[in-house]
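Subject: Structure for you

Hi,

Here is the structure I promised. Please open it alongside this note; my findings follow.

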Amino acid sequence: MHTALVYVRSILFLVFAVLALPAVASQNTLLIVGDSLSAAYGVPSETAWVQLLRNRLESKGLNDWEVVNASISGETTDGGARRLPDLLEENEPDVVVIELGGNDGLRGFPPNVIESNLASMIEKVQTSGARAVLVGMQIPPNYGQRYTEMFAEIYPKLSDRYDTALVPFFLDGIYNQAGLMQDDGIHPTEEAQGKLLENVWPVLKPILQ
């Protein structure tokens, strides 16, 4: 009898101890798979748009979101598609931002190949149960009207096909503004990082909140 009473008291103690524990918010993961535009090329990492995003999430009280930046300078859609399965397995993200294709365009890769690689990435993201956010890009007109138009159409086409969130053009309001592009004419300056965030935030905000 005494042993049974001690057992019951022990169970009750454990139950009350668990109930008394403070609630821990579940952690969500936002994975960014991009190229140099998201890898802080030529700018201090603490002022890059991805870090500014982390700062904004904290200021908005969205501390349950962890931002994992898997962006690599020079990355192409093919490289991103190859790396993605391991990134999904390792991070188990809830949202995946796909910011790729610029390097493919600058190298003149066929639009159908770029589209196929991005489609493969979106499918893998959605199969994993995460939401995909596609970041649109455009390339300079000196590549020819037909190619630049075909390239630009890739992103809205894929967004419609897979019903993903879409940032229409990552460099909107930046690429043609004095002081917002580095000397290479390809990468945004430190001063432009806040604008990059503002181009992404309206799309991410309703997803993260």
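The largest pocket holds about 360 Å³ of space. A pocket here is an open set of points on a 1 Å grid over the protein atoms alone, with protein on both sides within 12 Å along at least five of seven lines. Grid points are joined across faces, edges and corners, and a volume is the space filled by probe spheres set on the points.

This is a predicted model: local features need pLDDT of at least 70, side-chain atom pairs count only at pLDDT 80 or more, and totals for chains, interfaces and linings use all residues. Residues are numbered from 1 along each chain as its sequence is written, and side-chain values use heavy atoms, leaving out hydrogens and water.

**Pocket lining.** 18 residues line the largest pocket (lining means an atom within 4 Å of a point). Met137, Gln138, Ile139, Pro140 and Leu171 lie nearest its centre. By class, the lining has eleven nonpolar, six polar and one charged. Ala, Val, Leu, Ile, Met, Phe, Trp, Tyr, Cys and Pro count as nonpolar, Asp, Glu, Lys and Arg as charged, and the others, Gly among them, as polar.

**Cavity.** The whole structure has one cavity of 30 Å³ or more (points where a 1.4 Å probe fits but cannot get out). The largest cavity holds about 40 Å³. Its lining includes Ser36, Tyr41 and His187.

**Confidence.** Mean pLDDT (the predictor's confidence in each residue, from 0 to 100) is 91 for the chain, and 88% of the residues score at least 70. Over residues 2-8 the pLDDT is below 50.

Best wishes

Note on methods
Contact means heavy atoms within 4.5 Å.
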